[in-house]
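Open the model in a viewer and keep the selection tool at hand. The stops below can be visited in order.

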Amino acid sequence: MESHEQMHSEHHQHATPEMQEHAHHAGHEGHAGHAGHADRFRRLFWIMLLIAVPVVTTSPMFGMILGYEVTGWARWIAPALGTVMYVWGGAPFLTGAVDEIRSRRPGMMLLIGLAITVAFLASLGASLGILHHELEFWWELALLIVIMLLGHWIEMRSLAQTTSALDSLAALLPDEAERVDGANIVRVSPADLQIDDVVIVRPGGRMPVDGIIVQGSAQLDESMITGESRTVRRAVGDRVVAGTVATDSGLRVRVTAIGADTALAGIQKLVADAQASSSRAQRIADRAAAWLFWFALAAAAVTALIWTVLGMPDDAVIRAITVLVIACPHALGLAIPLVVSIATERAAKAGVLVKDRLALETMRTVDTVLFDKTGTLTKGAPAVTGVAPVEPFGEDELLALAASAEHDSEHPLAKAIVAAAQERGLDVPASADFSSSPAIGVSARVGGRVVQVGGPNLLREIRAAELPVADDWRREGAIILHVLVDHVVAGALRLADEIRPESREAVRSLHSRGIHVVMITGDAAAVAEHVGTELGIDRIYAGVRPEDKSSKVRELQAEGRTVAMIGDGVNDAPALSQADVGLAIGAGTDVAIASAGVILAGSDPRSVLSVIDLSTASYRKMTQNLWWAAGYNLLSVPLAAGVLAPFGFVLPMSVGAILMSLSTIVVALNAQLLRRLDLRPAPER
């Protein structure tokens, strides 16, 4: 547990601005890549939509459906522009189909590629008089390409929200380091530093490397590495980590690790490894497309064989080709992207940003939620949680006097005391003669009395004893400050990282759903046990080092659990990536946010319940839409193949087109029903 001497020295100073981040880290590669794909599909969609209008209206088969005839030179508009659509608009699907063939993993691209290729060849053959005129599918080819481009544009747009965790990690390092070279100070790149070099880190500057302090002492902000909110005093002989910030004083640091050996680089590797291992999951739509691909091929082959055996080879060709074209429903291309797009929009309005649709899909199966403590279940900042006055002082009077003495201080503990007095609506008297003594505390004159606030060293200085309640508070991991009035102990204040009021409701609601709740923290066991008992946590991991958090996630997964991890610090990044679903608190670090599949824009832990509800509802809509799309196939393909031919009925292409359009409309309307889902956290009971 950190002493008050560490927390309270020189706390009236403000830190200077931090060094600027790498300019070359400003552009996020992953984000730019997905955004580029989205722009490509958007441009291609609008161009193909414009070309599709004349293709559809001049298609002889479409004219026959609507009761008009396309004659003369107009009959060649559809073949000419349809060929352009196939080569240009169909290119993404054709190249994707080739990739799926090479990898022997048929999916959506191969199914679309098969349908548009068969439609193109059959239509071209029909236009040239080589094949039967019923095989003219120019209008169907045009609509298929346009609708599939729309679906992929929607999909890429949702994926474009992804940012790069590794870029965010690298951006924690400064552009330059100041190396001590004899009597001179030389500015160099951190990459040029060597072991045993000595560097200067100025107030407000970031550590360029891991090292040991050889001169000076400072309050270090290690929150980007540890996730813990409190600054920590580091002095000569203490180890420091790259990326942390010296908030109040300058330091000289001897380099002990560079490049891949630094703690930050180790975290980078863990994030990269976990992301790579979790990105191999197959999408639900691709699984459905793979089944439909084999279904289409089998249905076409059986159709051709049966009609040929029956002595009608011309009908065999017509029926087989019709089956292959009809087997690729427009609805399948929109079934998943539409739901994801609407679900993402609904989530955003509720303060939930979905970056990874696989994470959203998995959330409904989660049976264990792992919370980081600081900044997630707690507020991540000290707050006054107990006041113990000594007669004749009362709680309010003691707190008001302490707030008055601390009023001019910038230290987090001082701000917590002043904030507590304001929350109680206390009248805080003016103070004078403020002074701050490192490792002791503060002193001020309030209404003619000397008021002092400090830790153990302040009591030793006047040879006073702690109040008995201090022992109980210390066992709970609290920070203890005593208040002295005219050099006599007037009471004590208990400060701790305050539990969010919403955390209790979140844990209760998760338990009501049968979900196991686990807490992980780098804090001491006493602090963790106190918070865990207050909230009713099922399992607690305390004193966990940053590099070990991901191993705790793997430990839970080894028990057969599906784990969702919620955190906000750089030290959480590997665990967020390792978890089946990573959820980052939006107020946390860029690295934690970039490592997660879902971002909670606010700090309300109940938002995890909203994500579970969204996952369940969107998955339900996805499966419903896939069943609608598959239902179209199960109905239309056998009819197009001619199973009812003995009874005098063979599905005309015009009826097949109507069924295809109805399937698409049903899928679109069903996805819109997701907008009725209310994801706002319920108020605490």
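The tour goes from the whole chain to single stops along it.

**Before selecting anything**

This is a predicted model, in which local features need pLDDT of at least 70 and side-chain atom pairs count only at pLDDT 80 or more, while totals for chains, interfaces and linings use all residues. Residues are numbered from 1 along each chain as its sequence is written, and side-chain values use heavy atoms, with hydrogens and water left out.

**The whole chain**

Colour by secondary structure. The chain has 26 helices and 22 strands; these are DSSP runs numbered from the N terminus, with helices being H or I of at least four residues and strands E of at least two. Of the 685 residues in the chain, 53% are buried. Buried means under 20% relative accessible area, exposed means over 50%, and partly exposed lies in between (1.4 Å probe, protein chains only).

Show the surface next. The accessible surface of the chain is about 28,900 Å², and carbon and sulfur atoms account for 57% of that. Areas come from the Shrake-Rupley method with a 1.4 Å probe, and for residues only the protein chains shown count as cover. As for contacts (heavy atoms within 4.5 Å), 71% of those between residues at least 6 apart in sequence join residues at least 24 apart.

**Stop 1: residues 176 and 187**

Select glutamate 176 and arginine 187, whose side chains meet in a salt bridge at 3.4 Å, N to O. The term covers a side-chain nitrogen of Lys or Arg within 4 Å of a carboxyl oxygen of Asp or Glu. Glutamate 176 is in the loop between α8 (165-170) and β1 (177-181), and arginine 187 is in strand β2, 11 residues apart. Glutamate 176 is partly exposed because its relative accessibility is 36%, whereas arginine 187, at 52%, is exposed. A search of the whole structure finds 18 salt bridges.

**Stop 2: residue 196**

Move to aspartate 196, in the loop between β2 (184-188) and β3 (198-201). Aspartate 196 is not a glycine, yet has a positive phi of about 80°. Its relative accessibility of 48% makes it partly exposed.

**Stop 3: a surface patch**

Select Val302, Ile306, Leu310 and Met312, which make a nonpolar surface patch of about 350 Å². Patches are made of residues with over 30% relative accessible area and no salt bridge; like charges are joined within 9 Å, and nonpolar side chains (Val, Leu, Ile, Met, Phe, Trp, Tyr) within 5 Å. Valine 302 belongs to helix α11 (residues 284-309) and is partly exposed, at 46% relative accessibility.

**Stop 4: a cis peptide bond**

Which residues does the cis peptide bond join? They are glutamate 391 and proline 392, and omega is about 15°. Proline 392 sits in the loop between β12 (378-389) and α16 (395-406).

**Stop 5: residues 396 and 424**

Select aspartate 396 and arginine 424, where a salt bridge of 3.0 Å, N to O, brings the side chains together. Aspartate 396 lies in helix α16 and arginine 424 in the loop between α17 (412-423) and β13 (431-437), so the pair ties together parts that are 28 residues apart in sequence. Aspartate 396 is partly exposed at 40% relative accessibility, and arginine 424 is partly exposed with a relative accessible area of 40%.

**Stop 6: helix α19**

Go to arginine 474, which forms a salt bridge with aspartate 471; the closest N and O atoms are 3.4 Å apart. About one helical turn separates the two, because they are three residues apart in helix α19 (residues 469-475). Arginine 474 is partly exposed at 31% relative accessible area, and aspartate 471 is partly exposed at 43%.

**Stop 7: residue 486**

Aspartate 486 is found in the loop between β16 (479-485) and β17 (488-499). Aspartate 486 has a positive phi of about 55° although it is not a glycine, and is partly exposed, with a relative accessible area of 38%.

**Stop 8: two packed helices**

Finish with helix α20 (residues 501-512) and helix α25 (residues 607-641), which pack at an angle of about 35° with their axes 9 Å apart. Axes are lines fitted to C-alpha atoms, for helices over the stretch in contact, and angles run from 0 to 180 degrees between N-to-C directions. Show side chains for Ala506, Ser509 and Leu510 in α20, which meet Val608, Leu609 and Ile612 in α25. The residues of this contact divide into five nonpolar, one polar and no charged. Here Ala, Val, Leu, Ile, Met, Phe, Trp, Tyr, Cys and Pro count as nonpolar, Asp, Glu, Lys and Arg as charged, and the others, Gly among them, as polar.
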